[in-house]
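Biologist: Can you walk me through this one? Start with how you call handedness, then go to the helices.

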Amino acid sequence: MSSSSAASGISPIADAAPLSLCAREPYVPADRLVAEMVPPPRFDSVRFATYVPDPNQPSQTEAVGVLEAFAAGLGGAHSAGTAKRGFLGFGKGRAAKTPAGPRGVYLDGGYGVGKTHLLASLWHAAPAEPALKAFGTFVELTNLVGALGFQKTVQTLSGHRLLCIDEFELDDPGDTVLVSTLLGKLVDAGVALAATSNTLPGKLGEGRFASVDFLREIQGLSAHFRSLRIDGDDYRHRGLPEAPAPFSDEQVTKAAYATPGTSLDDFPHLLAHLAKVHPSRYGALTDDLTAVCLTDVQPIPDQSTALRLVVLADRLYDREVPVLASGLPFDRLFSEEMLNGGYRKKYFRAISRLTALARDAKGLVKTA
């Protein structure tokens with residue numbers, strides 16, 4: 001019996017003690033960052049046909065039709081040349097004139113209305129081999145620029161037919177300018193674009209709609225985008241039960257020992273560890289996990305820590321990793337000041353996603 005299990009009075013049921021996120025410091029090479037620019041596992045099987053529009057929200061049905069037509073229009077030769085390019089874009093064919101008219105679509109709506117589902121469906125529907133399509137969050141795109149450098153990133157992505165950017169970060173002016181400049185280069189190379197975004201602070205209500213902000217922040221690129229507004233409620237709470245109450249430390253620990261491939265960490269220790277790992281590696285931090293178990297969930301102490309947790313929540317949600325926790329409910333992680341501040345939409349998204357993952361984890365306790 002391990003010392004940790006002996007100390008807790010828990011007899012291990014699985015073949016080995018639980019894993020620990022705090023013991024992981026993954027290294028992610030640049031080529032993996034490029035290869036992983038595909039829809040995350042949660043959206044592997046999504047298609048336009050699997051998107052279920054809310055009958056009370058006609059904009060959702062309209063968006064599907066527009067995106068299907070947009071995907072169909074991406075067929076044929078690459079607008080900047082037909083030559084296939086290598087990993088870093090070498091062997092570029094002679095550029096042809098970029099087609100006139102919008103080369104991009106922007107999905108505008110609140111969190112949980114299915115924007116990522118639709119964006120991933122567009123990626124799947126685009127008539128090009130996967131190596132010629134890229135899908136990633138704004139943060140993952142900026143991480144790619146950091147790993148490869150600006151020019152290499154332009155060369156790498158210029159041979160693509162389509163670049164999908166989820167959660168464009170309108171609240172980071174420096175990175176917004178960087179990515180807008182990158183997108184300008186890609187548009188010139190004939191790459192079609194699709195994006196969703198977060199919302200700038202201080203807008204109506206919770207800042208549910210961001211098209212004006214988005215088109216202003218990308219400046220000269222606005223003419224290349226058609227905005228699609230998608231109304232609706234957060235589907236993760238549409239007709240679903242309330243988030244489960246936190247379990248006890250003992251229940252969480254027993255479940256971790258009973259479930260192979262599960263990690264078990266003290267929440268404050270995990271928050272401290274996240275400060276030592278670059279957010280670009282949070283996906284690798286969760287490699288091969290069947291579930292994440294956390295004890296002693298507490299309020300987030302500061303905004304830097306909160307933003308790191310948001311990134312981890314996104315990666316766990318993308319990979320469909322259930323989260324079982326004791327301590328504070330997830331809807332009480334962030335202070336009122338945070339939920340009313342400039343990053344509030346990120347925090348609401350994190351609460352929504354962690355709540356969904358907590359529902360997924362309930363069965364772990366029943367089988368422990």
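Modeller: A helix crossing is right-handed if the near helix is turned clockwise from the far one by less than a right angle, and left-handed if anticlockwise. Helices (H or I, at least four residues) and strands (E, at least two) are DSSP runs, numbered from the N terminus. This is a predicted model, where local features need pLDDT of at least 70 and side-chain atom pairs count only at pLDDT 80 or more, while totals for chains, interfaces and linings use all residues. Residues are numbered from 1 along each chain as its sequence is written, and side-chain values use heavy atoms, with hydrogens and water left out.

Biologist: Which hand is the crossing of H6 and H7?

Modeller: Right-handed. Helix H6 covers residues 150–158 and helix H7 covers residues 173–188. Their axes come within 10 Å and cross at roughly 40 degrees. Axes are lines fitted to C-alpha atoms, for helices over the stretch in contact, and angles run from 0 to 180 degrees between N-to-C directions.

Biologist: And how are H6 and H7 oriented to each other?

Modeller: Oblique. Under 35 degrees is roughly parallel, over 145 roughly antiparallel, 65 to 115 roughly perpendicular, and the rest oblique.

Biologist: Which residues in H6 and H7 meet?

Modeller: From H6, Phe-150, Thr-153, Val-154, Leu-157 and Ser-158. From H7, Leu-178, Thr-181, Leu-182, Lys-185 and Leu-186. Contact here means heavy atoms within 4.5 Å.

Biologist: How many nonpolar, polar and charged residues in the contact of H6 with H7?

Modeller: Six nonpolar, three polar and one charged. Ala, Val, Leu, Ile, Met, Phe, Trp, Tyr, Cys and Pro count as nonpolar, Asp, Glu, Lys and Arg as charged, and the others, Gly among them, as polar.

Biologist: Which residues in H5 are buried?

Modeller: Phe-138, Leu-141, Thr-142, Asn-143, Leu-144, Val-145 and Leu-148. Buried means under 20% relative accessible area, exposed over 50%, partly exposed in between (1.4 Å probe, protein chains only). The buried H5 residues pack against H2, strand E2 (133–137), H6, E3 and H7. Just after H5, Gly-149 takes a positive phi of about 90 degrees.

Biologist: New topic. How many salt bridges in the whole structure?

Modeller: The search finds 11. A salt bridge is a side-chain nitrogen of Lys or Arg within 4 Å of a carboxyl oxygen of Asp or Glu. Arg-32 and Asp-287 form one at 3.1 Å, N to O. Arg-32 sits in helix H2 (residues 30–35), and Asp-287 in the loop between helix H11 (282–285) and strand E7 (291–297). The two are 255 residues apart.

Biologist: Are Arg-32 and Asp-287 buried or partly exposed?

Modeller: Partly exposed, Arg-32 at 22% and Asp-287 at 25%.

Biologist: What does Arg-353 form a salt bridge with?

Modeller: Glu-167, with the closest N and O atoms 3.4 Å apart. Arg-353 is in H14 and Glu-167 in strand E3 (residues 162–168), so the bridge ties together parts 186 residues apart in sequence. Both Arg-353 and Glu-167 are buried. For Arg-353 the relative accessible area is 5%. H14 spans residues 344–367.

Biologist: Where do Glu-250 and Lys-254 lie?

Modeller: Both are in helix H9 (residues 249–258), four residues apart, about one turn. Glu-250 is partly exposed at 48%, and Lys-254 is partly exposed at 38%. Elsewhere, shared partners join Glu-167, Asp-314, Arg-349 and Arg-353 into one salt-bridge network.

Biologist: Last one. What does Leu-294 touch?

Modeller: Val-252, Asp-265, Phe-267, Leu-270, Val-323, Leu-324, Ala-325 and Ser-326, leaving out residues up to four places away in sequence. Leu-294 lies in strand E7 and is buried at 6%. Its C-alpha is 10.0 Å from that of Phe-247, 47 residues away along the chain.
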